Amino acid sequence: IHKFWSTQPVPQLEEQTIALDEGPIEPNKDPEDIRKQPYTLLPQFEWTECDIENQEELEELYQLLNANYVEDEDAMFRFDYSGSFLYWALRAPGWRKDWHVGVRTVSSKRLVAFISAIPSMIYIKGQQLQVVEINFLCIHKKLRNKRLAPVLIKEITRRVNRSGIFQAVYTAGVVLPRPVARCRYYHRSLNPKKLIQVGFSRLGPRMTLSRTIKLYALPEDITIVGLEPLSLQHVSSARDLLEQYLKRFKFSISFSLEEFSHWFLPRKNVIYSYILKNENGMVTDLISFYELPSTVIKHEKYKSLRAAYSFYNVATSVPLESLMQNALILAKQEGFDVFNALDLMENETFFKQLKFHPGDGFLHYYLYNWRCWTLSPSELGLVLL
Ligand code: NHW
Ligand code: EN5
């Protein structure tokens, strides 16, 4: 049933994993022994490297994803990653242009497919592991079900292997062989009227619109004094705080100072980060969320839904719940319609009090070429974009 995935170094769906087996599925190869030629595409297609530092090529990638990337199961909303978001996501420290892999049609040179990798360091059961993060796999709607995805995956694998990296992490809404963990999306309404109008949420039983608006009301201003946007002078201390925190989880990411700065320094309409510091200027608390709007697929009045997604949060001087309430207030002030979070890290501890509700979407976490026991969401300390 998995013509492609059954050939790959991933655990198969039905197999059992015992603790002793944890680790690589196939041994590393000498990068020199990895094939040097790209995989063959059908004659009407050709490989391209997308140069996202070129405004026109970034726009091309934006348009491909805007029209063809991930939708919810009822095809009501489609992710609408902005150009500036893609520029941020794909130019992480260590990025390479040859890992921004595109496919064009030979005749019209139109970009019709894409896949990307960026380097990253993870902790898995206390072990540090150099991996890549795979993201933005997309094939134009008119070219679906032609077995092009396996070619894209094999080609990015070849290019990553050539650099001496043999493991990858990725997430997907669909079930493939074989999830390390299954997370659920939770949603907190900030603009309930609009969410109901576009069909993102429904009026609860025995609820009126005005009661619903009241239910989700938030203070106008933040309730924690001293909460401020992360700035250059605090990145080192903020990074130390997050690094210590993430070590608690069985499967987590590790950020170098350079990576932390890239991923957390605020960028309007992309990434929002706030800190609290103590009298010595040490960062004690961190909140962060990224902006990922969705196109409302068929609607008269609204074309777009503005969603904030919880990124990494650490609370040491105030309760996590009040820190996250302030994240909601800040997101509301920025004009977001909804605040989304997965049930990983310690997120479940504040969902009820802060009026988050489970959505209809799930997110599966995967490791390529690494066998590992199934983990529960609260054992994950890693958020992919
Ligand atoms: S998940 C988001 C993926 N993108 C979308 O859902 C966008 C909308 N859909 C599409 O564009 C985040 C197409 O439907 C795609 C499939 C391209 C999804 N991951 O070409 P065929 C990521 O970007 C398998 C992996 O005919 P298609 C993470 C499927 O099971 N495999 O299908 C990406 C089947 O294999 P099987 C997926 O619909 C991680 C085969 O593709 C998949 O025209 C990639 C069918 O191919 C998915 N999301 O195109 C893996 N969806 O064995 C990275 C379907 O079952 C691995 N398939 O027959 C690591 C690589 C690096 C290693 C380095 C050491
Ligand atoms: C790779 N990095 O399904 C990512 N979203 O719940 C790729 N549902 O927004 C993989 N269907 O439940 C992404 N509202 C996989 C996720 C794909 C997108 C997706 C779900 C997540 C979603 C919404 C809208 C559903 C529309 C109909 C949803 C109900 C929640 C509501 C909020 C307010 C209070 C009451 C409950």
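Student: Hi! In what order do the three strands of the open sheet come, and is the pairing parallel or antiparallel?

Tutor: Hello! Bear in mind that this is a predicted model. In this open sheet the order is β2-β12-β13, with antiparallel pairing.

Student: Which are the edge strands?

Tutor: They are β2, residues 77–79, and β13, residues 304–305, and each of them pairs on one side only.

Student: How many bridges are there between β2 and β12?

Tutor: Three bridges join β2 to β12, which spans residues 294–296, and the sense is antiparallel.

Student: And what stands opposite F79?

Tutor: In β12, S294 stands opposite F79.

Student: What holds paired strands together in general?

Tutor: Strands of a sheet pair through backbone hydrogen bonds, in a parallel or an antiparallel way.

Student: Okay, on to β7. How many bridges does β7 make with β16?

Tutor: Six. β7 covers residues 181–189 and β16 covers residues 357–368, and they pair in the antiparallel sense. One residue to look at is A181 in the model, whose bridge partner in β16 is Y365.

Student: How many bridges are there between β7 and β15?

Tutor: Five bridges, again antiparallel, link β7 with β15, residues 338–342. Here R188 has F339 of β15 as its bridge partner.

Student: Changing topic: how is the chain divided into domains?

Tutor: Domain 1 runs over 5–174 and domain 2 over 182–381. Taken over C-alpha atoms, their centres are separated by 25 Å.

Student: How many residues are in contact between domain 1 and domain 2?

Tutor: On the domain 1 side there are 42 residues, in contact with 37 residues of domain 2. The elements that each supply at least two residues to that side of domain 1 are β2, α2 (83–90), β4 (111–124) and β6.

Student: How do the residues on that side of domain 1 divide into nonpolar, polar and charged?

Tutor: The side of domain 1 that touches domain 2 has 24 nonpolar residues, 10 polar and eight charged.

Student: Now the ligand. Which residues come nearest to ligand 1?

Tutor: Of the 36 residues around ligand 1, the nearest are H2, F4, L137, A149 and A168.

Terms used:
Residues numbered from 1 in each chain as written. Chains lettered and ligands numbered in written order. Predicted model: local features only at pLDDT ≥ 70, side-chain atom pairs only at ≥ 80, totals over all residues. Near = placed C-beta within 6 Å. Pairing = 2+ DSSP bridges. Helix = DSSP H or I, 4+ residues; strand = E, 2+ residues; numbered from the N terminus. Domains from an automatic or database assignment. Contact = placed C-beta atoms within 7 Å. Nonpolar A, V, L, I, M, F, W, Y, C, P; charged D, E, K, R; others polar.
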